[in-house]
Amino acid sequence: MDINWQPGHMKKTRDLLKTKLKIVDIVIELIDARAPLSSKNMEIDTIIKQKPRLIILNKSDLSDNNGNIKWLEFLNKEYQKAIAINAFDKMNINAISNAVFQIVNKRSSVRAMIVGIPNVGKSTLINNLAGRRGTKTGNRPGITKHIQWIAIKNKNKLELLDTPGLLNPSSDNPKSSQNLAFIGAIRDENIDIEYIALKLLEILIAKAPNSLEKRYKISIRDKVPREVFTDIAIKRGFIVKNSGIDYMRTAITIMNEYRKGMIGRVTLEYPQYYEDLES
């Protein structure tokens, strides 16, 4: 799958992280709970080295509970601390703040840098922590263009540095590339969305057949992804006069509804140990 990784932008972001790393106490790394491995940029490990770090499994309301448990178990063994949240839920403020101060072993005046791939929820998290709309957000990757410091209002003094999303410049793993497309980390205009929607349906047929049938009021028994795709288009009335099925509209609908959790909570990948058990 050919993807435009915007190498110039990514190099600038890498250089920025290296520079600002010197003035922060801790790094908060966000990854997507639906695809934690694919959404984790391994370059970040190389860049921050031994700097204290909190891993946040974001969008955990869109992944299944079993997947969240397995990933937290794995990540808490590999890193200092990992927690699962939904960045839109303001109830997470105390959990994040407490984890940060616990890791750095300080009572106040902590500076943290937020890092992660595009569209993983960095700005949304900061807005909710700060209690204001201080950072531009959107459901498209690449919204944050510049760095900015945000002061968090709580009993301790915590400042967060938001950074542009950092995505791998290339991927040798087609499955990881597809997962990034599924969760919206890559702009839809940079992918073949009809092909990706069919690949997503292949996974949903295997992992969430009941949710798929309930959402679109169709039967998927003994059907291949293309047949399910066609059934969804017909059920939704995505038919163009004299042209037949509107494949683009159908593909966009499937992708958007998965990303919003409307087709059920589906974890796309598990730690290797659990992958081996399930294979």
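Me: Where is Lys59 placed?
Reply: Lys59 sits in the loop between β2 (53–58) and α3. Helices (H or I, at least four residues) and strands (E, at least two) are DSSP runs, numbered from the N terminus. This is a predicted model, in which local features need pLDDT of at least 70 and side-chain atom pairs count only at pLDDT 80 or more, while totals for chains, interfaces and linings use all residues. Residues are numbered from 1 along each chain as its sequence is written, and side-chain values use heavy atoms, with hydrogens and water left out.

Me: What about the phi of Lys59?
Reply: The phi of Lys59 is positive, about 60°, although Lys59 is not a glycine.

Me: Is Lys59 buried or exposed?
Reply: Lys59 is buried, with a relative accessible area of 15%. Buried means under 20% relative accessible area and exposed over 50%, with partly exposed in between (1.4 Å probe, protein chains only).

Me: And Lys217, where is that found?
Reply: Lys217 is in the loop between α8 (209–216) and α9. Lys217 has a positive phi of about 55° and is not a glycine either. Lys217 counts as exposed, at 63% relative accessibility.

Me: On to α9. How many residues does α9 have?
Reply: Helix α9 (residues 225–236) has twelve residues, and its first and last C-alpha are 16 Å apart, close to the 16 Å expected at 1.5 Å a residue. The expected span is 1.5 Å times one less than the number of residues.

Me: Which residues of α9 are buried?
Reply: Val228, Phe229, Ile232 and Ala233 are the buried residues of α9. They cover an arc of only 140° around the axis, so they lie on the same side of α9. The arc is that of the directions from the helix axis to the C-beta atoms.

Me: Where does Glu29 lie?
Reply: Glu29 lies in strand β1 (residues 26–32) and is buried, with a relative accessible area of 1%. Glu29 and Arg53 are 24 residues apart in sequence, and their C-alpha atoms are 7.1 Å apart in space.
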